[in-house]
Amino acid sequence: MDVLVSRILESDSHSSQSTDGLLESELTLDVAQKLATELNTRLRKCKTELKQSLVDNHDTYTAAADEVERAQESITQLLHGVDELQAMFGDEETGIRARVIEAMEKEAQARKQIQDNGVVLEGLRVLESINAELRAMDALVRDARHREAARAIRAVEATVVGAHALDGTRIRAVLDDRIHLAAINVKDNVLRDLRRLVSFEVADSVATIRVAPLAREHAQPSNASSELAELYSALSTLDAGGDLAKAFSDRFVRDFVSPLLSVAVLADSTVQSTDDTRIFEVSLHREADGTTSASTVCNILSEALRFVNGSLLRNDSSEEDALLKASSMLWADGCAFRLATLVVERCVLSCIPTTRRALAEFKDQIDVLVAFEDRLFGGLCAEPTSENDGSSAGRPIRSRVGQIEDLFARRRCDESLNSVRKLAESSSFSVAAMDGHERWTVDLVKQMVKSSGDDESDDTDAGCQTASSSLVEGASKLVAGRGLLLFPKCTVSAAIRRLVMTAYGLVSEGAQTSLDTAPHVARMFVDTARCVFDVYRALFFALHRAQLTKIPALGWQFFNDCMYAAHHAGIIGDLVALLSEPPGTHHMPTSFAATTSSEWTATARLYVSIGKAHAASIVRQETEELRRLSTGGSKGADAFASASKDASKAQLAKIANQVRLSLTQLARAIRPPAVTPHVFYRTLGCYADAVFGATIEAIASIVDIGADDSQVLSDHCRVTLHSLAQLFLLDASVLEAYADIAPSMQQPSTLGGNTGLLGNADAAFEDLLNSGDDDIGDDNEGVAGGDGSPASGISSPRRSLPSAMKLANEHCRLANKLAQLADILVISRADILARRRAGLLEDFTVDELVELVRALFTGTMERERDIMELESL
């Protein structure tokens, strides 16, 4: 029953279905009665308990209300007491409250004063102790007792740090500065004594290292190693032990090694000992020729390092001197690297030879240098560690050993460029002798390469270079494929010959450089060979342009130089192209593939262009001057207009003489072999045409020519024509030298095998540079090269020399016109008409003939009839 009742009472909610199920399963009539009774009982009990709880809560509330009431009464009494107390205190300024507050503040101030006085007393006691330590420290610093002074500095520093009473005060900052200054003084004194202990001096004739103990007052005698131990200990105490090694290493390198290695010739070293002083000396020969070998330099530096180590570092094993064993006391980190770098610069970089023969001898010194570097890093100038074994590849000397070929190439190229720069800057203008025409053959290439290494002031073969087999083979194939490659005999400068030799030497070096080992080196040689042409061209003309323009002979020599350089640049371009072909075909190194023949052709074109331009400027300049001389200026115009007067005759004779002398000087400057006959004839023809043209214009401009004047002017024309025609005559011996090449010879600039190098010539100089039949006479019988070649006018030894007038007519466009003018001035109108009808006056236009007829003959009906007939022809 209890279970049932509990289930009913304890269930929070029951559905109708759950209740029905409960009643169906358990509840009977008897049970229901009992259940009803039990429920009534429990209900009454709950009511009773509820009533009792309500009574108890009421009693509690009543007691709490009483207590609150009593508390309110106590608070009221307390508030009344506070009001009374406040009334007793009075106001805030004069009452008891104000006096109490004032008393409390005075008590706080008194306590603060007592505390401050205690701090000050404590600080004074600390300062007294510190001042005593500072006085002792200063005394040690003054007496140069470095080790004790350093310890005293550390002790004072510890005392100051421990004095917390000084924290944040100005006194603490002043003391810190004082300690720092003392440490600096000790360091300076230590380094000063180190300089006194070991001194370096490099004089004119001797380099010296002197090691001598320091002489101190109130100190027992000591040796150099003990002195060094004290110096190092002092700096180590101050956490500056590395400063000693750095200072000593810097001084050793700066004051001894660097000046020593700057001397060309070094003698053997010696060591002297007197008492406690030891001296290391090296004899110097500043004025001597030559240079000291790498082995001697390494031995001297090794002995110097051993001398320093032996004089300053002890070798005993006592614990007291264990510090002295470390070479780090003397040699800073990187000192060995610096020394090796200086040796590289002295014995490698500055001594790289410029010839293969010298390079082979130079390589014999490499092992000596590597061994010296191993000794440096193996303990001679650095602590021996696992990083300093012989396999280290990051050291200066070892890193340069693998670059010998590259360094040689750079030195060779730099030397070549520098020598070419000097050639371009030189103002000697010396001439290179050419015994005959230069035929490009294998022997010529070998001679060029051999001479490229010669010193012009040295007659020995020490600097001679041998042409590489690849270059010789390529030259042979080029000759076989191209036939005769020839440059005619003319005057070229020694500088341009040296330039060409240098280029061939560089190409030979590149040809024998292996592609597998250093392909960029071969490229460097060939590119530099082309650069020497460009450097010379750019510098020489810019530096000497005024002289080349002022002196015609030098200007024409420069023209020949340009053609000579273009000739060889074209050949070298073809040779490089041959050497660039696949090795399976010609067995040549393929490292030249990047340098194409077109680049060399461009270089040749530039030389031809500047040569043509300068030659054209010379011709323009001289022709303008000749035209001015031919007309005689303002006085000359009067002389032509009144030629029969005595003064005018004298003036015309003077003009003819001046023109002849001027043109004679110009002809002498270009007379073969100064230039080729082709250039001589064409240039002289331009000069003569300028004179002929000016003379024709001066006469044609006269409005009225009298009978007497016409005879004088005719004579003047004939004198001018015949006197200048004589300049075209050349000796048979000169012409014979060119006769055998006349049929095939072209102008010099086309002889490199690169046809078309000239391109389009300057219009004012076209006839001078380009051969052709247009301005060569039709009567070529008996003239070698009469087919229009530049050798026109050169006779074969089996034929007679052409006459002066024939040569003048061939190479001067206006020679025949001037001769016809001389006739027109003295013949009748009928003869003029007859010759015009016969086609003998074709050099004159109809208008020119009409003007001449009007000037020569008086105005009659017959003259007008003849003029009309001339106009109709």
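Mentor: A helix here is a DSSP run of type H or I with at least four residues, numbered from the N terminus. The model is a predicted one.

Trainee: In which helix is the place of Glu509?

Mentor: Glu509 sits in helix H17, which spans residues 494-511.

Trainee: Why does Glu509 count as buried?

Mentor: The cut-off for buried is under 20% relative accessible area. Glu509 has 0% relative accessibility, so it counts as buried.

Trainee: Which residues does Glu509 touch, not counting those up to four places away in sequence?

Mentor: A contact needs heavy atoms within 4.5 Å. With residues up to four places away set aside, Glu509 touches Arg356, Phe408, Arg412, Gln465 and Phe525.

Trainee: Turn to helix H5. How does its reach compare with the span expected at 1.5 Å a residue?

Mentor: H5 covers residues 146-162, 17 residues in total. The expected span is 1.5 Å times one less than the number of residues. That gives 24 Å, and H5 reaches 24 Å from its first C-alpha to its last.

Trainee: Which residues of H5 are buried?

Mentor: The buried residues in H5 are His146, Ala149, Ala150, Ala152, Ile153, Val156 and Val160.

Trainee: What puts them on the same side of H5?

Mentor: Their arc around the axis. These residues cover only 160 degrees, so they lie on the same side of H5.

Trainee: Now the sheet. In what order do its four strands run, and how are they paired?

Mentor: The order is E1-E2-E4-E3, the sheet is open, and the pairing is antiparallel.

Trainee: What makes E1 and E3 edge strands?

Mentor: Strand E1 (198-202) and strand E3 (265-274) each pair on one side only. Neighbouring strands of this sheet are turned by 10 degrees against each other on average, direction ignored.

Trainee: How many bridges join E2 to E4?

Mentor: Pairing takes at least two bridges. Strand E2 (residues 206-211) and strand E4 (residues 277-285) share six, and they run antiparallel. For Val206, the bridge partner in E4 is Ser283.

Trainee: Which strands does helix H9 touch?

Mentor: Helix H9 (residues 294-312) packs on the sheet and touches E1, E2, E3 and E4. Its direction makes about 165 degrees with that of E4. Helix H6 (residues 170-197) lies across E1 and E2, at about 60 degrees to E1.

Trainee: How many helices and strands has the protein?

Mentor: The protein has 32 helices and eight strands. Of its 873 residues, 44% count as buried.

How values were computed: Residues are numbered from 1 along each chain as its sequence is written. This is a predicted model: local features need pLDDT of at least 70, side-chain atom pairs count only at pLDDT 80 or more; totals for chains, interfaces and linings use all residues. Side-chain values use heavy atoms; hydrogens and water are left out. Helices (H or I, at least four residues) and strands (E, at least two) are DSSP runs, numbered from the N terminus. Buried means under 20% relative accessible area, exposed over 50%, partly exposed in between (1.4 Å probe, protein chains only). Axes are lines fitted to C-alpha atoms, for helices over the stretch in contact, and angles run from 0 to 180 degrees between N-to-C directions. The arc is that of the directions from the helix axis to the C-beta atoms.
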